[in-house]
Amino acid sequence: MAAMTFAAAMPATRVSFAPKRACKARVVTRGVVASAGKRDVSADAVSLPEAPLCPKSAEAISANIVYQTSKVGAMPLSFETSDMYRATSESVREQLMENWNATYKHFHAENPKQAYYISMEFLQGRALTNAIGNLGLTGEYSDALRTLGYNLEDCASVERNMGLGNGGLGRLAACFLDSIATLNLPAWGYGLRYKYGLFKQGIDPTTGQQMEYADDWLEVGNPWEVKRQVAHKISFGGAVTDGVWVPGQTINAVAYDSPIPGYKTKNCISLRLWDAEVAPKDFDLASFNAGDYETSMAETNLAQQLCAVLYPGDGTREGKALRLSQQYMLCSASVQDILARFKERGNDWPSLPTKVAIQMNDTHPTLAAPELMRILMDQEGMDWDTAWGLTSKTVAYTNHTVMPEALEKWPLELMQELLPRHVEIIMKIDEQFIASVKKAYPKATEAEMTAKLGAMRILENYVTPEAAAAAAAVKAKAAAAKATVDPAYKGTVAETETEEAIPAPMVRMANLCCIAGFAINGVAAIHSEIVRTFTFKDFAELYPEKFQNKTNGVTPRRWLAFCNPQLSGVITEAIGTDEWVTDTALLEKLAPLAKDADLQKKWKDAKIERKKLCAKLILDSTGVKVPINAMFDIQIKRIHEYKRQLLNIMGIIHRYNEMKAMTPAERAKVTPRVCVFGGKAYATYLQAKRIVRLVTAVGDVVNNDPEIGDLLKVVFVPDYNVSLAETLIPASELSQHISTAGTEASGTSNMKFQMNGCLILGTLDGANVEIRECVGEENFFLFGIEEPAVEPARAERAAGEFVPPASFTAVMDCIKAGTFGAPNEFDELLWSLEGDSGFGRGDYFLVAKDFQSYVECQATVDAAYKNQDKWTESSIISTAFSGKFNSDRTIDQYATEIWDIKPLPVP
C-alpha cells in the first residue's frame with residue numbers, strides 16, 4: 001500500500017500575503033496587499049520552513065497559516081478569501097496527517113478485524129469546520145484567522161460541498177464514518193468520486209421550474225483529498241472461454257483518500273473514493289494516429305463516463321448499462337483493495353471472515369458478493385464451496401427501502417453482456433439456493449414451492465435453456481398436430497399475445513444480498529419489522545438468525561455541537577459539561593429543567609439567533625424576506641411522492657384559502673408561518689419536478705398577496721445540501737416528516753431536527769415511531785392512518801368506495817382553477833390523485849385519505865405555538881431525549897452485533 005503522506009496540492013507559488021488588520025486606523029482592501037507601514041509576511045512564508053506542523057495555540061496556528069500561504073497557488077499581489085481558505089485547509093490537513101498516518105500504521109501492525117462500508121453515496125458536507133471541531137481547535141483557528149484580518153465563517157463558506165450523494169443514504173454514511181472514527185473502530189468507507197455529482201439545482205426565475213446543472217464541486221480542486229499510487233483493473237464485457245473471463249474493455253480504478261478524524265481522538269480513518277482512468281501504456285496510440293478515434297478512445301470515454309455523474313438517467317438501455325457499470329466498478333475496486341490489504345497484513349485465506357467484514361449499504365454494492373467469489377476462485381484458485389463459505393461469512397446487507405418496486409433489478413441479458421463471468425457465478429448461487437430451499441421444505445406442495453421460489457430466487461422470470469427448449473418442443477408438437485388437421489392454422493391471437501407478454505428475465509439484487517449476506521438489517525424498528533414480515537418474509541422464515549434492526553442515528557458533532565453553537569453553549573451551561581457531545585445520554589439532564597424560566601429564555605434567544613441567520617440565507621437564495629417572529633416550518637428532503645411534499649403544499653393552499661376568507665380581525669389571530677421546502681427531484685422524475693413547481697407557484701402568489709403579508713410565506717430553497725441543512729435545521733421550530741405510513745425506512749433528518757429542539761409533525765412511519773416514544777405523545781404532532789390500514793385504504797379506493805373530504809376537494813378545485821401557475825399547468829400532477837386505480841392513478845400514497853387528519857393536526861400546531869412557554873418546554877424535551885439517535889450508538893451496535901470489531905485507539 002502507498003505510504004500515507006501528503007503532496008502539495010498546488011504549485012508553491014510565492015504569494016505576497018500580508019495579514020489584514022482589524023485596526024480602524026489602517027484598512028486594507030481584501031485581496032490587495034498594502035505595503036506601506038506593513039511587515040512583508042511573504043518573506044515570513046519563505047523563511048518559515050520550521051513552522052510547527054501541529055500547532056495548538058492561536059499564535060502558532062496563525063504562523064502556520066502564513067507559512068501555508070506559499071502553497072496555495074495564488075497570484076502575486078492578490079490574496080482573496082478563497083486563497084485563505086486553501087491556506088487554512090493546508091494547515092488543518094497537516095494537523096490531521098500525523099494522526100492519519102499513525103492510524104493506518106497502527107491498524108496494520110495490530111492486524112484487527114476491519115470493517116469496510118461500501119456505499120454509492122457519501123454526503124460529507126464541508127470538511128474544514130468539521131475537522132477543526134473534531135480536533136477541538138475551533139476557537140484557536142477562529143482567533144488565528146481574526147488576527148490575520150479574516151474570519152472563520154467567511155473562509156469556511158468558500159468550501160464547496162462534495163458532490164457525492166443526494167439524500168439520506170449519503171448523509172447517513174457520512175455520520176457513520178464520523179462515529180467510526182470517534183469510537184476508534186478499525187473501519188473504512190468506499191465510494192466513487194463523481195466529477196459532476198448528482199446535479200446542481202436551480203429554480204428558473206421565469207418558469208419557477210427546477211433546472212439541473214453540472215455540480216462544480218471539483219472545479220477549483222479539493223484540498224482534502226490525496227491521490228494515491230493505488231489502482232485496480234476493472235473489466236467489462238468480453239466472454240468466458242473455458243472458464244476464463246476474457247474482457248472486452250478494461251480501465252483503472254484509482255484511489256483518492258480523504259481523512260475522517262474522530263472527535264478528540266488520535267484515530268483518523270479514510271474515505272477512499274475511486275475515479276476511473278486509462279493508464280498511458282494502455283492507450284491505443286496506433287489506432288489514434290491511424291484516425292480510428294472511436295476505437296482508440298473507447299476505454300478513455302468509458303472511464304470519463306463512469307465517474308461523471310451520480311445516478312445517471314436510466315430510462316434508456318445505455319443509462320442502465322452505465323449505472324450497472326458504476327456499481328460494478330465500486331464493488332470490484334473496493335473488494336480488490338480489501339483483499340490486497342488483507343494479504344499485505346500476512347493473513348491466510350481461512351481467516352478472511354475473522355479479519356474482514358464488508359457492509360453493503362443498500363443494494364447498489366450487491367456485486368461485491370459475486371466479485372469476491374470471482375477473485376477467490378479465478379485468481380486465488382479456490383473451489384466453489386471454499387469460496388462460498390468465506391464469502392457468505394464476510395458480506396452483510398443493510399436494507400433501506402420497504403417498497404418492492406424500489407428494490408433493484410437488472411435485465412439478465414444486460415448483465416450477461418457487461419459481466420459474463422459474474423452471471424455464471426450468480427446463476428450457480430441461484431441454482432444451489434433453489435436446491436437448499438427444496439431441501440428445507442420437503443413437504444411443500446408443488447404450488448407452495450413454486451410460490452416460494454418465485455419470491456426468493458435471484459433470477460426472476462428465468463427459464464433454463466433446457467426448460468425453454470422442452471417447452472418449445474411441446475409447443476411445436478402441438479402446433480404440428482393442429483396443422484395436420486388445419487393446414488392454414490397459425491396459432492390463436494391469445495397464444496401469440498401470451499408469447500409476446502413473457503417478461504424478460506431479471507437479476508434481483510436484494511434477493512442476492514439476502515442469500516449471500518450473513519446479516520440483514522433494517523434501519524428503524526418499524527422498518528425492520530416490515531422487512532421481516534413482508535418484504536423478505538420467506539427469507540426471514542428460512543434464515544431467522546440473519547435479520548436484525550439497527551435504528552439509524554446522526555452524529556451530534558456536526559448536527560448539533562458544530563452547526564448550532566448558540567444552542568450547544570446553552571446546553572453545556574445548563575448541564576455543566578460538554579461531554580454530551582459524545583455521551584448524548586447526558587442530554588437527559590435537560591428534562592428536569594425544561595420548565596425553568598432562565599433556561600427557557602436562553603433557549604429562545606438561541607433559536608432567535610438561528611432564525612436570523614436562516615432568514616438571511618432565505619433572502620440571499622430566494623429574494624424573499626421572511627419575518628423572524630413567525631413559526632419556521634421546514635420540510636427538507638429528497639422530493640418524492642411517498643415523502644408527500646405534495647400533502648404539505650396542498651395543506652398550505654388550504655391554509656391560504658382559509659386566511660383569504662377571514663375578516664381582518666380574524667386574520668390578526670392567525671399564527672404566522674414561514675413554510676420552507678428544500679430538496680432535489682431527480683432529473684427524470686417528472687412528478688417530483690411538478691411538485692417543486694407547485695411549491696414555487698404557490699409561493700409566487702402567497703408571498704405577493706398584500707392581504708396576507710407576513711402571516712404566511714412559502715419558499716423553496718434551491719440546491720439543498722449539507723451546508724444549507726446546517727443553517728435550516730437549527731432555525732426550525734416545526735419539521736414535517738409526513739410519508740405514507742409504511743414507506744419510509746427510517747429518515748435521519750427527523751433526528752437532526754429533534755436534536756436541535758424542533759418539534760416533529762409526522763405519521764407513524766420510520767424513526768418517527770421511536771422519536772415519539774422518546775419525547776412523549778404530548779410533544780409530537782401525530783396524524784394519519786397507520787401502516788396496517790394502508791392496504792385496506794388502497795383497496796377501498798380501488799373499489800370506488802372512498803369519498804375525499806371536502807377540504808381536499810376544495811384545494812384540488814383551487815389548483816385546477818389556475819390560481820397558481822399557468823392554466824392547466826398541474827393537470828398531470830393532479831391526475832395522480834384522481835381515479836380509483838391504474839398506473840400513476842388512484843392516489844397511491846393516500847394524500848386525500850390523510851388530508852383532513854393533516855389539516856386538523858396543523859390547527860393543533862397553531863394553537864400550541866401561541867403558548868411559547870409550553871412550546872419551549874417541548875423543544876427542550878425534544879433535545880433532552882434525542883440521545884438514542886446518536887450514530888455512535890448505531891455504529892456500536894453494528895460493530896458488536898454484525899461486524900464483530902473492537903475499538904483500536906491509536907496510542
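User: What makes β20 and β21 partners in this structure?

Analyst: Strand β20 (residues 734-737) and strand β21 (residues 759-762) are joined by four bridges and run parallel. Pairing requires at least two bridges, so with four of them β20 and β21 qualify as a pair. Please keep in mind that this is a predicted model. As for particular partners, Leu 734 is bridged to Leu 759 in β21, and Ser 735 stands opposite Ile 760 of that strand.

User: How do you know that β17 and β20 pair?

Analyst: The same cut-off applies here. Two bridges join β17 (residues 631-636) to β20, and the strands run parallel. Since the requirement is at least two bridges, β17 and β20 meet it. Asp 633 has Leu 734 of β20 as its bridge partner.

User: What makes both faces of β20 count as covered?

Analyst: Look at the residues on each side. Leu 734 and Gln 736 are buried on one face, while Ser 735 and His 737 are buried on the other. In a regular strand the side chains alternate between the two faces of the sheet. β20 is also part of a right-handed β-α-β unit, together with α30 and β21.

User: How do you know that the buried residues of α24 lie on the same side?

Analyst: In helix α24 (residues 565-575), the buried residues are Leu 567, Ser 568, Val 570, Ile 571 and Ile 575. They are on the same side of α24 because they cover an arc of only 160° around the axis. An α-helix has 3.6 residues a turn, so residues three or four places apart point the same way. The partners of the buried residues of α24 are α23 (556-562), α25 (597-622), α30 (749-755) and α36 (868-880). After α24 comes Gly 576, whose phi is positive, near 80°.

User: Why is Cys 331 called buried?

Analyst: Its relative accessible area is 0%. Buried means under 20%, so Cys 331 falls within the cut-off. Cys 331 sits in helix α11 (residues 317-344). Beyond its neighbours within four places in sequence, Cys 331 is in contact with His 364, Pro 365, Thr 366, Leu 367, Ala 368 and Glu 371.

User: Is Asn 99 buried or exposed, and what value decides this?

Analyst: Asn 99, a residue of helix α3 (residues 81-110), has 18% relative accessibility. The cut-off for buried is under 20%, so Asn 99 counts as buried. Leaving out neighbours within four places in sequence, the contacts of Asn 99 are Thr 265, Lys 266 and Cys 268.

User: What is the phi of Asn 111, a residue that is not a glycine?

Analyst: Asn 111 has a positive phi of about 50°. This residue belongs to the loop between α3 and β1 (114-118). With a relative accessible area of 15%, under the 20% limit, Asn 111 is therefore buried.

User: And what is the phi of Asp 362, another residue other than glycine?

Analyst: Its phi is positive too, near 75°. Asp 362 is found in the loop between β10 (356-361) and α13 (368-379). Its relative accessibility is 11%, so Asp 362 also counts as buried under the 20% cut-off.

User: Where does the pLDDT stay under 50, and what is the mean pLDDT of the protein?

Analyst: The mean is 91, and 92% of the residues reach 70 or more. Residues 1-16 stay under 50, and the model has 51 contacts beyond four places in sequence for them. Residues 21-51 are below 50 as well, with 46 contacts in the model beyond near neighbours in sequence.

Notes
Residues are numbered from 1 along each chain as its sequence is written. Side-chain values use heavy atoms; hydrogens and water are left out. pLDDT is the predictor's confidence in each residue, from 0 to 100. Contact means heavy atoms within 4.5 Å. Buried means under 20% relative accessible area, exposed over 50%, partly exposed in between (1.4 Å probe, protein chains only). The arc is that of the directions from the helix axis to the C-beta atoms. A crossover is right-handed if, with the strands pointing away from the viewer, the path from the first strand over the helix to the second runs clockwise.
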